[in-house]
Amino acid sequence: MTTNEINAYIAGIFDGEGCIGIYRRVRVDRKNPEYPCELRISNTNKNVIEFIKRHFKEGLVYTWIGRSSTRRQMWSWEVRGKKAMNFLQTVYPYLVIKKDQAKIAIEFVKRFRKNARGRTPAEIQWADAQVTQIGALKH
């Protein structure tokens with residue numbers, strides 16, 4: 001398979017089994033909230049998850065027991081921040097279901113500073129709007 005074919009294949013997996021999130025996290029020891037951008041692909045087939053990690057050469061792989069009635073072992077691959085943006089930019093041309101979410105997440109990571117200190121109220125308001133917008137696209 002060519003690199004483009006692999007990227008298209010992974011985009012299909014991500015469209016069906018993936019999740020894009022921008023979350024508002026408030027810590028008691030910080031003045032301003034944090035807004036991590038996270039991506040996750042979960043599957044009961046470990047080989048699928050390991051294939052994705054090998055192809056992108058980054059991210060975390062972990063396992064857990066699913067909550068369904070079958071309680072099957074699940075495998076997940078996760079990336080955050082700029083690594084999440086890099087993944088989304090690579091698979092973006094091939095996405096169908098999550099294309100709108102990916103566009104928001106890419107722009108968010110490009111535009112939003114990681115350091116929570118010194119954020120203006122306008123930056124926080126914009127970030128909160130992105131959290132709401134990406135959440136609305138999941139339903």
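This is a predicted model: local features need pLDDT of at least 70, side-chain atom pairs count only at pLDDT 80 or more; totals for chains, interfaces and linings use all residues.
Hi everyone. A quick definition to begin: when I say helix, I mean a DSSP run of H or I with at least four residues, numbered from the N terminus.

What is the nearest side chain of opposite charge to Lys98? That would be Asp15, at 5.2 Å. A salt bridge needs a side-chain nitrogen within 4 Å of a carboxyl oxygen, and Lys98 has no salt bridge even though Lys98 is buried. Setting aside residues up to four places away in sequence, Lys98 touches Phe14, Asp15, Gly18, Cys19 and Ile20.

Gly18 takes us to the strands. Strand S1, residues 18-22, runs antiparallel to S2, and five bridges join the two. On to S2 itself, residues 37-43: six of its seven residues are buried. S2 is also joined to strand S4, residues 73-80, by six bridges, again antiparallel. There, Leu39 has Val79 in S4 as its bridge partner.

Finally, back to H4. This helix has 13 residues and spans 18 Å from first C-alpha to last, close to the 18 Å expected. Which elements do the buried residues of H4 pack against? They pack against S1, S2, H3 and helix H5, residues 121-136. Among those buried residues are Ile104, Phe108 and Val109.

Methods:
Residues are numbered from 1 along each chain as its sequence is written. Side-chain values use heavy atoms; hydrogens and water are left out. Buried means under 20% relative accessible area, exposed over 50%, partly exposed in between (1.4 Å probe, protein chains only). Two strands pair if DSSP finds at least two bridges between them. Lys and Arg count as positive and Asp and Glu as negative; His and the chain ends are not counted. Contact means heavy atoms within 4.5 Å. The expected span of a helix is 1.5 Å times one less than its number of residues.
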